[in-house]
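Please go through the structure below with the following explanation at hand. It starts with the contact between the chains and then turns to single sites.

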2 protein chains.
Amino acid sequence: MIDGEMQAFALTLDKFLEHAAKWRPDAQVVTARDGGGTERIGYADLMVRSRRVSAMLAGLGVGVGDRVATLAWNSQAHLEAWYAIMGMGAVCHTLNPRLTAEHLASMIVQSQARILIASADLAPLAGQILDRVPGIEHLLLIDAVGEEAPQGAPSAAPIEPLLAEATGEVVWGGFDETAPCGLCFTSGTTGAPKGVTYTHRSSFLHTLRALQVDGMAISGSDSILAVVPMFHANAWGLPFAAPAVGAKLVLPGRHADGASLARLIAAEAVTVGVGVPTVWLGLVEHLEATGGELPSLQRIIVGGAPMAPALMERIEQRLGVRVQTSWGMTELSPTGTVAPLSAPSQAALSGRPAIGVDLLLTDADGTPLSQQRDAEGHLRVRGAAVVQRYFGHDAPATDANGWFPTGDLARIDAAGNLMITGRAKDLIKSGGEWINPAEIEAVVGALPEVSLAAVIGRSDAKWGERPILLVETQGEVSDEALLASLRGRVASWWIPDAIYRLQRMPLASTGKIDKIRLRSEYGGG
Amino acid sequence: MIDGEMQAFALTLDKFLEHAAKWRPDAQVVTARDGGGTERIGYADLMVRSRRVSAMLAGLGVGVGDRVATLAWNSQAHLEAWYAIMGMGAVCHTLNPRLTAEHLASMIVQSQARILIASADLAPLAGQILDRVPGIEHLLLIDAVGEEAPQGAPSAAPIEPLLAEATGEVVWGGFDETAPCGLCFTSGTTGAPKGVTYTHRSSFLHTLRALQVDGMAISGSDSILAVVPMFHANAWGLPFAAPAVGAKLVLPGRHADGASLARLIAAEAVTVGVGVPTVWLGLVEHLEATGGELPSLQRIIVGGAPMAPALMERIEQRLGVRVQTSWGMTELSPTGTVAPLSAPSQAALSGRPAIGVDLLLTDADGTPLSQQRDAEGHLRVRGAAVVQRYFGHDAPATDANGWFPTGDLARIDAAGNLMITGRAKDLIKSGGEWINPAEIEAVVGALPEVSLAAVIGRSDAKWGERPILLVETQGEVSDEALLASLRGRVASWWIPDAIYRLQRMPLASTGKIDKIRLRSEYGGG
């Protein structure tokens, strides 16, 4: 072996906050408070507080590898808990407050977390979880002072007094970079929720992708509004990416309505907003109703759900921003691809994979398609931040060649750009042939009067299933006009048998259209 | 330990070319040929050729960990050799053709390379090296066909016929990511050249920094002119960064004069030029003499030497580009910091360190300064791509706390931006007090008539040393005007005792001003 060495540098997440504390000590993390106020702290002070949370957790017996659960909105205190837990080598198990206590309890039973950190206004839900999980020894409340502890909790306390009493110093880092840092269960829209265990290394490398000019292009000069929740899929990695470059990070707390976001964007000179499409629809509707401009806003990064071209155009025009589409999954940490700023704005395209991510199109059985460009197939993915094996599973989550089957249907164009064309499990089987709801939704969603469109299969005695269309509109549009938009664009037998108009499209816990609920309400035939 | 796993993904450099070959197969590597022509190849074909070079080298007995030396310009064939050597786990020992055969021979004796790959026009120098190093078994000539093999070579051959005969397949990757990939000796401007051993991991992480929006911001939509030589300090990592995003890479061969560069930039729609300041001075002078515009060019990244504000302004105005300053060293792989595009253009500032790089100011003895901002001191650095121990050395290159002493003097401003203020070994001791030549050079260099300025110490019977000024000018400027520019800007006893006007400032092998030569010619007193 050749002589000489380069320096050791473990890819652990504590380094992001330490870097920010040293090089951007005064760059701020801003949290929206109930009632329109804000709380703000610089990275240097945030690290001091976060280390105190580590010391407090150590005092409660938390050690390397232990799981600590959080049930909280995007807030400074939640961020402090993240770094406290991960920095000391424990594992942050994030819980989605939009799920039921029963579901959440079953997840905590699996992770064996003995401590639950919850936003104070979620104390009732936390209490219901405690009732079901005797293994939880401590419930610590953040995000408010003086809230009542839920009845029957073994040990429920606001976190602040405990921090004031915490003594001692906990060393951050020092463990192997492949140590786990986080645990998140999939939203379970296509089956039972499965746990994904993130490691320091996988999330570190995922973060470096978010900083790339051809990716999310997160810069230290940005003010980033993270509407994507910290309680699911790492808030797309923004709580790592922002301190990694010392960017200002703006956290909306529990308020993701248009008025709250507009106020935050204006007050904090937000340059980049990140969240699912429906969030930005709310912002646009608010501005359309009340007037007003948001001149600081330059870009919006969307993902988590298909972006309707009409909505994208509406957002770009009303807000005067560039919308960057992206594709990801809980299993991908979560970002797979991002449409780069240098590409023309196009709703359907989610960009080429960056180094560290690789894509493969297969048939339904997992055999690679002979043609991988200008072709459509079942999407598989491989990479540094992709799941290998789910929490608690013996079998790998990948195929024999290491590819993870995403369950998405996709097209890859000649230039290598990814276009998600649907979910394999969403497909409707009608008369023995497949109908892809996503293609129908894309056409109807392109109509300016349509805010959100969903197509599901309805049981049909003759055909097995037939497609029906559910729409939320923002203007007058006749059923005939809706169907006319489809003629010549999709096969005639793909045209929905019925149209339902919804006041509000039901959204699942992650902000995506809740097709499970739509199917249970409208799919019976 | 918590259950569940993320996928394994070794940070090895072969992945960059494989990624480009798959996702940007047609993006080009363009090489300037003698006489104004160009050679071009897509990444997919380049990988095929590079794998054939691996097979050929394997046939000559090269295995994992073996060193293969290259003595070549920036060219497609050199790039093929790099990936061939590194991809198979061998170590690419780059040699600087501007050094003497004697120096180069002593480096090869140390690395024990048995194969030397050289640009055909460097065959005479290669022959002189062979005469001195009997251990070299094969001299392979690239970059031209039908060149004569140098006399007395044990086995000298153009590479192309060997590639045509090469059979078999060599697997790339599969070794540990901390395996060495490259070896480069420091330029030795401040002592005997020392070897720096790069690893796959260190260069991979260094590359990810070059892709960051706050760093070099290398994008797949860029056409990058790499004037920085592949024969020293990895051409600042561009041969890794370009394929990592599938950017077009333009290689100037041996011609870095203004006319050649202007032709290449125009013909290949270059968007980013990267090289030492003097290269761009040549380009500006050419355009000033001949007229013409280079509308595709957006940015120039400079480093390796202080950037004179006047030259920077001249480049920005004449070329209509943004100049980004940077700081680095062979020991840093080589980039330390880069001024981000989002910061105001300022010659002296080299930006804040990115995650993975950390800086410390100390006194001359290595004790950290109590104040690290708005302060000046001796610069130390730590990070994922910084040398830990030189090739062949027993002692670490770092201090007890893991900091590498750069030998640079630096100021870090309140916002954390690095400003290199001089070289510790350049300091002039006059009457027992220190004079910093870099500060004097910066003032004189700001005059529009001054192209290049150097201050060195001249032996002085009374004071020990006294500063003298050497200038290359581009317009009329009196000695009195040169000195007047300094009055009130530096201490009166810092004002040089003499001024020498040079037709051409002597440049060292890396394009920096050759102060060793200036001292030997003018420093005797």
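What is the area buried between chain B and chain A? It is about 5500 Å², of which carbon and sulfur atoms give 59%. Buried area here is the accessible area (1.4 Å probe) that two parts lose on being put together, summed over both. On the side of chain B, Met6(B), Gln7(B) and Trp23(B) lose the most area to chain A, together 17% of what that side buries.

The model is a predicted one, in which local features need pLDDT of at least 70 and side-chain atom pairs count only at pLDDT 80 or more, while totals for chains, interfaces and linings use all residues. Residues are numbered from 1 along each chain as its sequence is written, chains are lettered from A and ligands numbered from 1 in the order in which they are written, and side-chain values use heavy atoms, with hydrogens and water left out.

The interface can also be described by contacts, meaning heavy atoms within 4.5 Å. By this rule 73 residues of chain B are in contact with 73 residues of chain A. Between the two chains there are 40 residue pairs in polar contact, both residues being at pLDDT 80 or more. A polar contact is a pair of N or O atoms within 3.5 Å; within protein, one must be able to donate a hydrogen and the other to accept it, and residues adjacent in sequence count only if both atoms are side-chain atoms. Eight salt bridges cross the interface of chain B and chain A, a salt bridge being a side-chain nitrogen of Lys or Arg within 4 Å of a carboxyl oxygen of Asp or Glu. Glu177(B) and Arg201(A) meet through their side chains in a salt bridge, at 2.8 Å from N to O.

Charges over rings come next. The rule asks for NZ of Lys or CZ of Arg within 6 Å of the ring centre and within 35 degrees of the ring normal. Arg373(B) lies over the face of Trp23(A), 4.2 Å from the ring centre. Within chain A, Arg382(A) lies over the face of Trp403(A), at 4.1 Å from the ring centre.

Over all chains, 20 aromatic pairs are found. Rings of Phe, Tyr and Trp (its six-membered ring) pair if their centres lie within 6.5 Å; planes under 30 degrees apart count as stacked, over 60 as edge-to-face and the rest as tilted. Trp73(B) and Phe231(B) form an edge-to-face pair, 6.1 Å centre to centre with 75° between the planes. Trp73(B) lies in the loop between strand S4 (67-71) and helix H3 (76-87) of chain B, and Phe231(B) in the loop between strand S11 (223-226) and helix H8 (238-245) of chain B, so the pair ties together parts that are 158 residues apart in sequence. Helices (H or I, at least four residues) and strands (E, at least two) are DSSP runs, numbered from the N terminus. Both Trp73(B) and Phe231(B) are buried, where buried means under 20% relative accessible area, exposed over 50% and partly exposed in between (1.4 Å probe, protein chains only). In chain A, one aromatic cluster is formed by Phe9(A), Phe16(A), Trp82(A), Tyr83(A), Phe204(A) and Phe240(A).

Which residue in the loop between S11 and H8 of chain B is to be looked at next? Ala235(B) is found there; its phi is near 50°, a positive value in a residue other than glycine, and at 0% relative accessibility Ala235(B) counts as buried. In chain A, Trp236(A) sits in the loop between strand S11 (223-226) and helix H8 (238-245). Trp236(A) has a positive phi of about 55° although it is not a glycine, and with 11% relative accessibility it counts as buried.

Cis peptide bonds are a further backbone feature. One joins Ser333(A) and Pro334(A), with omega about 5°, and another joins Ser333(B) and Pro334(B), with omega about 10°. Pro334(A) is in the loop between strand S15 (322-328) and strand S16 (335-338) of chain A.

Helix H12 (residues 437-445) of chain A has as its buried residues Pro437(A), Ile440(A), Glu441(A), Val443(A), Val444(A) and Gly445(A). Asn436(A) caps the N-terminal end of H12(A), a side-chain oxygen lying 3.0 Å from the backbone nitrogen of Ala438(A).
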